[in-house]
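Colleague: I am new to this structure and would like to go through it with you step by step. Could we begin with a pocket and then turn to the core?

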Amino acid sequence: MNPFRPFVMAVCRQLGRKGFLLIPFYPKKEMSFILHLGNSKQLSPALLLLMSVSCGLAIANLYYNQPLLADMGRTFGVDDQHSGIISMLTQVGFAIGMFLFIPLGDIYEKRKLITVLLLAAFLALIFLATAQTLIWLYAASLAVGITTVTPQIIIPLAAEIAAPNERGKAIGSVMSGLLTGILLARTVARPDSRAAD
């Protein structure tokens with residue numbers, strides 16, 4: 001018997017409680033035990049639903065403005081070309097946010113990062129709602145895009161805390177919430193958009 005096994009197993013228990021799923025080069029026969037510890041925080045149906053809804057609501061921030069661009073243009077007295085920049089900046093901001101924040105999910109604790117980003121998105125939306133000038137609106141749209149990257153952190157978090165045999169289901173459920181948010185954002189933003197068109 002390996003004399004260091006009790007010590008190593010004690011360390012693995014501590015790492016497992018903190019959510020670590022994998023210990024490199026650890027004996028293969030012990031990996032199922034470590035994975036079980038890493039998934040001690042079970043992904044309940046209620047939590048999975050919350051994560052799915054959160055993904056849908058967060059990602060919808062990128063698309064709410066699209067059916068409202070004409071109204072925004074009239075409000076600020078600009079043509080379609082200048083009002084279209086609003087939607088473009090939101091998408092550009094999203095790309096910047098992916099570049100800046102997604103790698104942080106491998107460095108910092110994902111739940112804390114999600115909380116910070118949701119708070120930042122909340123402030124960016126307030127900044128957007130109170131815009132008084134076109135430049136202000138442009139800057140706020142960019143900020144909303146940058147901070148709307150929480151779904152890309154929630155999805156790997158769901159994969160981490162789900163049991164191995166439930167991981168595919170968890171990812172599928174969260175992705176369903178994300179895609180639903182994308183598809184319904186335009187309708188929610190302007191229910192009469194079809195009639196207006």
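Colleague: Which helices each supply at least two residues of the lining of the second largest pocket?

Modeller: This is a predicted model, and in it the second largest pocket is lined by residues including Asn61, Tyr64, Leu125, Leu128, Leu137 and Ser141. The helices that each give at least two residues to this lining are α6 and α7 (134-147).

Colleague: How many residues of that lining are nonpolar, polar and charged?

Modeller: Among the lining residues are Leu68, Met72 and Val144, together with Asn65 and Thr90, and the pocket they surround holds about 150 Å³ of space. Sorted by type, the lining divides into eight nonpolar, four polar and no charged residues.

Colleague: Which element gives the largest share of the largest nonpolar core?

Modeller: Of the 24 residues in this core, Leu43, Met51, Cys55, Ile59, Ile154 and Val174 touch the most other members. The elements that contribute two or more residues are α3 (45-59), α6 (110-129), α8 (151-161) and α9 (167-189). The largest share, six residues, comes from α8.

Colleague: Against which helices do the buried residues of α3 pack?

Modeller: In α3, the residues Leu48, Met51, Ser52, Cys55, Gly56, Ala58 and Ile59 are buried. Ile59 itself touches Phe94, Thr148, Pro151, Leu178, Gly181 and Ile182, leaving aside residues up to four places away in sequence. Taken together, the buried residues of α3 pack against α5 (80-101), α8 and α9.

Conventions. Residues are numbered from 1 along each chain as its sequence is written. This is a predicted model: local features need pLDDT of at least 70, side-chain atom pairs count only at pLDDT 80 or more; totals for chains, interfaces and linings use all residues. Side-chain values use heavy atoms; hydrogens and water are left out. A nonpolar core is a set of buried Ala, Val, Leu, Ile, Met, Phe, Trp, Tyr and Cys residues joined through side-chain atoms within 4.5 Å. Buried means under 20% relative accessible area, exposed over 50%, partly exposed in between (1.4 Å probe, protein chains only). Helices (H or I, at least four residues) and strands (E, at least two) are DSSP runs, numbered from the N terminus. Contact means heavy atoms within 4.5 Å. On a 1 Å grid over the protein atoms alone, a cavity is a set of points where a 1.4 Å probe fits but cannot get out, and a pocket is an open set with protein on both sides within 12 Å along at least five of seven lines; lining residues have an atom within 4 Å of a point. Grid points are joined across faces, edges and corners, and a volume is the space filled by probe spheres set on the points. Ala, Val, Leu, Ile, Met, Phe, Trp, Tyr, Cys and Pro count as nonpolar, Asp, Glu, Lys and Arg as charged, and the others, Gly among them, as polar.
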